[in-house]
Amino acid sequence: MYVVSYFTDADEALHLACSHDGENFATVNGGRPVLRGTVGTGRLRDPFIGVGPDGLFHLLATDGWTSPHIVHATSADLLTWSEQELLPIMAEVEGALNAWAPEFFLDRGTGLYHLIWSSVVEAGGTAEGRNFEHVGQNHRIWHCTTEDFRTFSAPALFFDPGHTVIDATVRELDGGGFLMAYKDERGTNDLTTAHKDIHLTTFDTPGGPYSASTGPVTPSVVEGPSIFRRGDEAVMIFDHYLEGRYGAVRSRNGVEWELASLALPSGMRHASVLETPLLASLPTR
């Protein structure tokens with residue numbers, strides 16, 4: 001089963017949709033949220049769901065525009081969730097102004113789960129009076145590691161291509177190593193800008209070295225990539241956030257990508273796709 005987690009501009013909470021073919025997605029709970037934020041700012045933006053070492057589904061989400069924390073909760077069925085907690089992943093980093101779009105992936109070689117997210121870090125900087133929603137900032141990708149989602153390593157820089165980047169997502173490659181998609185955040189929020197599109201890089205060891213980046217592999221202006229495997233091809237979805245719609249590309253080799261068409265929920269924002277054999281179905285009424 002494929003499960004899409006997302007939020008909407010009208011309701012910054014966890015929404016779900018599911019599919020058995022990876023092409024046609026039906027909303028869960030009638031399109032209403034399955035979980036609302038109860039900690040921090042009360043927002044659940046950019047929700048990501050993966051399976052942790054305990055076999056449970058682990059949710060990570062952005063706690064608002066300028067919070068140095070991320071939201072974490074667990075579930076056995078994606079419908080009933082544990083109490084939410086705030087992970088202070090950047091709270092002790094001097095000059096850290098935010099923590100956006102958290103995700104995680106497993107490094108099977110070490111058994112460590114790597115949490116990744118985007119942050120602005122400026123010595124002496126402040127988020128007060130800055131328009132994070134509409135004006136680009138100087139982001140880099142950060143990470144920390146955990147074995148159990150209870151204790152976490154100190155945060156460290158994960159990916160810095162020399163310019164602002166956000167929304168990294170990582171997939172393990174079949175032949176070993178990892179593929180990472182990310183948004184080149186340079187440029188302005190208008191439909192004529194350069195950049196604001198998705199690029200790819202690969203690495204064998206988390207933290208690099210990284211291969212030379214390729215792309216863009218999507219149109220511009222987009223963000224929030226998520227990659228999943230459908231049969232013998234990879235599919236990447238992404239948010240046309242200025243146009244209020246979603247797009248997709250597909251590839252059989254991870255190098256050449258072509259536009260694809262998926263039936264996804266309307267109003268979806270910054271979605272992530274979970275591939276799971278742990279659930280046969282979810283209620284879609």
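**Figure 1. V51 and its contacts.** Leaving out its neighbours within four places in sequence, V51 is in contact with L56, F57, F104, Y113 and L278. Contact here means that heavy atoms come within 4.5 Å. V51 sits in strand 4. Strands (E, at least two residues) and helices (H or I, at least four) are DSSP runs, numbered from the N terminus. With 32% relative accessibility, V51 counts as partly exposed. The cut-offs go like this: buried is under 20% relative accessible area, exposed is over 50%, and partly exposed is in between, using a 1.4 Å probe and protein chains only. V51 and D184 are 133 residues apart in sequence, and their C-alpha atoms are 28 Å apart in space.

A quick word on the model before we move on. This is a predicted model, where local features need pLDDT of at least 70 and side-chain atom pairs count only at pLDDT 80 or more, while totals for chains, interfaces and linings use all residues. Residues are numbered from 1 along each chain as its sequence is written, and side-chain values use heavy atoms, with hydrogens and water left out.

**Figure 2. The whole chain, before we zoom in again.** How many helices and strands does the protein chain have? It comes to zero helices and 19 strands. Its radius of gyration is 17 Å, close to the 19 Å that the globule rule gives for 285 residues, so the chain is as compact as a globular protein of that length. That radius is taken over C-alpha atoms, and the rule is 2.2 Å times the number of residues to the power 0.38. Along its principal axes, the C-alpha trace spans about 50 × 40 × 40 Å. Buried residues make up 54% of the 285. Of the contacts with a separation of 6 or more, 49% come from residues 24 or more positions apart.

**Figure 3. The surface and its charges.** The protein chain exposes about 12,200 Å², and carbon and sulfur atoms supply 48% of that. Areas like this come from the Shrake-Rupley method with a 1.4 Å probe; for residues, only the protein chains shown count as cover. There are 19 positive and 37 negative side chains, and the centres of the two sets lie 5 Å apart. Lys and Arg count as positive and Asp and Glu as negative, with His and the chain ends not counted. Each charge is placed at NZ of Lys, CZ of Arg, CG of Asp or CD of Glu.

Figure 4. Are C18 and C144 buried or exposed? C18 counts as buried at 7% relative accessibility, and C144 is buried too, at 2%. The structure holds zero disulfides, a disulfide being a pair of cysteine sulfur atoms within 2.5 Å. T145 belongs to strand 10, residues 139-146. Its relative accessible area is 16%, so T145 is buried. Setting aside residues up to four places away in sequence, T145 touches L112, Y113, H114, T151, F152 and S153.

**Figure 5. G224, a buried glycine.** You'll find G224 in strand 15, which covers residues 223-230. At 0% relative accessibility, G224 counts as buried. Not counting residues up to four places away in sequence, G224 touches D167, I237, F238, D239, Y246, H270 and A271. G224 and W81 are 143 residues apart in sequence, with 24 Å between their C-alpha atoms.

Figure 6. Most residues other than glycine have a negative phi, and most peptide bonds are trans. N29 has a positive phi, near 60°. N29 sits in the loop between strand 3 (26-27) and strand 4 (45-51), and is partly exposed at 27%. K196 also has a positive phi, near 55°. K196 is in the loop between strand 13 (178-184) and strand 14, and counts as buried at 1% relative accessibility.

**Figure 7. E12 in its loop.** E12 lies in the loop between strand 1 (2-7) and strand 2 (15-19). Beyond residues up to four places away in sequence, E12 touches F7, G42, R43, L44 and R45. E12 and L278 are 266 residues apart along the chain, and 26 Å separates their C-alpha atoms.
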